[in-house]
Amino acid sequence: MTLPKDHYYQGEVIKAALAFSNSSTAPYHLWIGTYDRSGRIPDIGFCAVDAAGQPVSDPLAWYFLMGGIGGGLGNSKDLGDWDITLPANQWLRFDKPGVYTIYAWSNRVQKGANEMGRSRTEPVTLVSDKTQITIEPLSPEKEKEIIETSRTAVAAGGDLAAPAVAQLRYLGTPASRTELLALLGDQRVAFDAMMGLCASPDPGQEAPKILAAVSEGKVPLPQAVDLYSRLKTHDLIASFDPTKMAPQDAQQWGQKLMTAMTQARNEITAAALKASGGKGEGYIEVLMTKFQQNNRDPTIRADLVQHQLELSDKQAEGLLSSWDYVGGEEFLPLARKMAAAPAYNMAALKALAKSKPDEAQALLVADAKLPKSNYFTHRYGSISMHRLQIMPTPIPELDAVLREKLASGVEVDVTLFYIDEYGTADLLPDVAQLYQKHEGKWACEVQKFALQYLMRCDPKGGAEALSRAVQSRASTGCYKNVIEKSSPSVGMKPRFLSWLRRWTIPMTRWRWARSRCSAFMPIPATSTRPWPR
């Protein structure tokens, strides 16, 4: 662990550089992600003690005691050398000046080499060297300077806004928390603002301030409701100690906490309802918040249905994206509105496709014929977002447009996706000719769509192309999904099954693949993986 200096004022950001290396002959690997959706990386942390040996407080220990949605993007790699820089303030709050000893810990490194499909192995707990730092008092002038500078940076926006709010978050003074409270409604920086309030020396004292801000219409309800319920129940959350509780006591604690959090949500929702006067954006926020908390309540549902066309695009997106769980025929007016011009919302088109496939299909075909399509584009990021599950397929009316788009060479991956989903066999000569020209040159994702279409419309030729593709990228496992989705010809099945075995797919998929291929390659039943790790 390396720090840029050894003297800091209270609340100053402490950027700690951590270097991981493996100089042994034994193999180790680690995940190289740099963030976690929970708000704090769980497998790296910092500890510190003062001159008397007393531990420094972890300001968010109580918050993460509740758990939540975690995980982050990032690959794993064999450990040679790897480094990461993190603000130690996420784990440490220095409440008074003095001399402190600080160190980092991690259980991110795991034994063994990095292998695709390999489940988590035994972690290795590592501790860094210890470093001594001095925390100096924060002067009123310095505090005022930081707050004013941060306020200016946030107002200007741009790349400086996030670091400015992070500085306010770690400053940890009453004045800085007042600034953070006002920023809860700013989506760019709301999370850091929330974490700064949760890291208060007495989080429960922040709850009345949030309730007052919502009552005065200064903070939107969606950004406040969960935060308020956590802060209001801080003392109860912090009292949880599974090492000292019998199972029945832990269960009673959980029930008590659930009741208290529900009461807190109801309290702040009622305050927001009163502030809205039963109309406008504030009222819609109240309806959406109630719906998110209990979407099956007939009264709540009826109220939102009545006002569904008043939802903002973001609110509509949230509802439509969860159609399988909260949608229904009564929300079709919203789906129709958002699927058509000018919104052209993919979540709305998907929702419409599930309830009214003929309408969704007509919209898709009409959009495809426009000079500039709204759905046949990278606008929605991941191509998997385009999967509509419109039945029946294929859609012959799309063939002419898809042929033209394929010939243009623009966004070929999106076009091949739609051909795979909805193209008829009439497109086979066009796809086959283009595939022959680019075979082995496309990225796996692009080639995958072409292979799936070829397997559907020309099983023999598609199986031969798939076999070549598999062999050319044997180490990556790129095409295992193609094998699982398609139905290879009889002569090819044993070969494909051997690739599935090499790629160590999960047991459920292995059993599925074996059931499809067992007639051609008898395999003894086993309760464990039938291939070595």
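Which residues of the largest nonpolar core touch the most other members?

Modeller: This is a predicted model, in which local features need pLDDT of at least 70 and side-chain atom pairs count only at pLDDT 80 or more, while totals for chains, interfaces and linings use all residues. Residues are numbered from 1 along each chain as its sequence is written, and side-chain values use heavy atoms, with hydrogens and water left out.

The residues that touch the most other members are L320, Y375, L398, L416 and Y418, in a core of 64 residues. A nonpolar core here is a set of buried Ala, Val, Leu, Ile, Met, Phe, Trp, Tyr and Cys residues joined through side-chain atoms within 4.5 Å; buried means under 20% relative accessible area, with a 1.4 Å probe and protein chains only. Helix α20, residues 444–457, gives the most to this core, with eight residues. Helices are DSSP runs of H or I with at least four residues, and strands are runs of E with at least two, both numbered from the N terminus.

Leaving aside residues up to four places away in sequence, L416 touches L406, W442, V446, F449 and A450, where a contact means heavy atoms within 4.5 Å. Of these partners, V446, F449 and A450 fall within the 444–457 range of α20. In general, an α-helix has 3.6 residues a turn, so residues three or four places apart point the same way.

Apart from this core lies another, of 45 residues, including V165, L180, C198 and L221. In soluble globular proteins, nonpolar side chains tend to be buried together.

Helix α21, residues 459–472, may be described next. Its 14 residues reach 20 Å from the first C-alpha to the last, close to the 20 Å expected at 1.5 Å a residue; the expected span is 1.5 Å times one less than the number of residues. Within α21, the buried residues include G462, A463, A465, L466, S467, A469 and V470.

These details belong to a chain with 24 helices and ten strands. Buried residues make up 46% of its 533 residues. Among contacts with a separation of 6 or more, 70% join residues 24 or more positions apart. The chain exposes about 26,900 Å², of which carbon and sulfur atoms supply 54%; accessible areas come from the Shrake-Rupley method with a 1.4 Å probe, and for residues only the protein chains shown count as cover.

How values were computed. Buried < 20%, exposed > 50% of the residue type's maximum accessible area, 1.4 Å probe, protein only.
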